[in-house]
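Thank you all for coming; I would like to walk you slowly through one structure this morning. Please have the sequence and the model open while I talk.

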Amino acid sequence: QVQLVESGGGLVQAGESLRLSCAASGSTFSSCATGWFRQYPGKERVLVAAISASGHATYYDDSVKGRFTISRDNAKNTVYLQMKSLKPEDTAVYYCAAVPRRIGVPLTPGEYEYWGQGNQVTVSA
C-alpha cells in the first residue's frame, strides 16, 4: 500500500514558478512509476508528466514540454514537478499518482493504482 500526499500548490501570476511535491509512504515507492495529472472543472484527468521507477524515463504532455520538469528522489520517497513560465491555462487541480511498475511509464489514469488528494494550482493573468 502506498499513500501519496501532495504539497506546493497555490496562487501565482503568469510567468512565475511553482514546485509541487508528492511524498509517499510505503517501502515499495521506489519500484513505482509516478505521474502528475491535472483536472479542469468538469473534465477528465489528463497526464501532464510521468517518470519511471528508476527515473530514467520520463513523459511530458506537449502543453508543458520545456516548462515543466518531473524528477524523483527515491531516498526521500518523493516526486517533484517543477513548473516554470506558468500560464493561466495551467490553472487546475493537480494529482500525483503511482503504480508498482519497474519498467515504463503508464500514460492513462486507469493504469495508476494510488492517488493523492489533489492540489490546486491557480495562475492569474
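This is a predicted model: local features need pLDDT of at least 70, side-chain atom pairs count only at pLDDT 80 or more; totals for chains, interfaces and linings use all residues.

**A walk through the model**

Let me begin with N77, which, leaving aside its neighbours within four places in sequence, is in contact with C22, A23, A24, G26 and F29, where contact means heavy atoms within 4.5 Å. Residues are numbered from 1 along each chain as its sequence is written, and side-chain values use heavy atoms, with hydrogens and water left out.

N77 sits in the loop between β7 (68-73) and β8 (78-83); strands here are DSSP runs of E with at least two residues, numbered from the N terminus. With a relative accessible area of 19%, N77 is buried, and I use buried for under 20% relative accessible area, exposed for over 50%, and partly exposed for what falls in between, with a 1.4 Å probe and protein chains only. The phi of N77 is near 55°, a positive value in a residue other than glycine. For background, most residues other than glycine have a negative phi. S85 also has a positive phi, near 50°, and S85 is found in the loop between β8 and β9, where its relative accessible area of 41% makes it partly exposed.

One of the contacts of N77 was C22, and that residue brings us to the cysteines. How many disulfides does the structure hold? There is 1 disulfide in the structure, a disulfide being a pair of cysteine sulfur atoms within 2.5 Å, and it joins C22 to C96 with an S to S distance of 2.0 Å. Because C22 lies in strand β3 (residues 18-25) and C96 in strand β9 (residues 92-100), the pair ties together parts that are 74 residues apart in sequence. The link of C22 and C96 is left-handed, with -75° about the S-S bond, and both of these cysteines are buried. C32, by contrast, is in no disulfide, and the nearest cysteine sulfur, that of C96, is 9.9 Å away; C32 counts as buried, at 0% relative accessibility.

Let me turn to the aromatic rings. The structure holds 4 aromatic pairs, where rings of Phe, Tyr and Trp (for Trp, its six-membered ring) pair if their centres lie within 6.5 Å, and planes under 30 degrees apart count as stacked, over 60 as edge-to-face and the rest as tilted. F37 and Y112 form one of these pairs, which is edge-to-face, at 5.2 Å centre to centre and 85° between the planes. That pair links distant parts of the chain, with F37 in strand β4 (residues 32-39) and Y112 in the loop between β9 and β10 (114-115), 75 residues apart. F37 also pairs with W115, and this pair is tilted, at 4.9 Å centre to centre and 50° between the planes. Is W115 buried or partly exposed? W115 is partly exposed, with a relative accessible area of 27%, whereas F37 is buried, at 0%. Ring pairs link F37, Y95, Y112 and W115 into a cluster.

The charged end of R45 sits over the ring of Y95, 3.6 Å from its centre, and R72 lies over the face of F29, at 4.9 Å from the ring centre.

Finally, the interior. A nonpolar core is a set of buried Ala, Val, Leu, Ile, Met, Phe, Trp, Tyr and Cys residues joined through side-chain atoms within 4.5 Å, and the largest one has 28 residues, those with the most contacts inside it being L4, W36, L81, M83 and Y94. At least two residues of this core come from each of β3, β4, β5 (46-51), β7, β8, β9 and β11 (119-124). A second, separate core of 9 residues includes L47, Y95, A97 and Y112.

Methods. Helices (H or I, at least four residues) and strands (E, at least two) are DSSP runs, numbered from the N terminus. A charge sits over a ring if NZ of Lys or CZ of Arg is within 6 Å of the ring centre and within 35 degrees of the ring normal.
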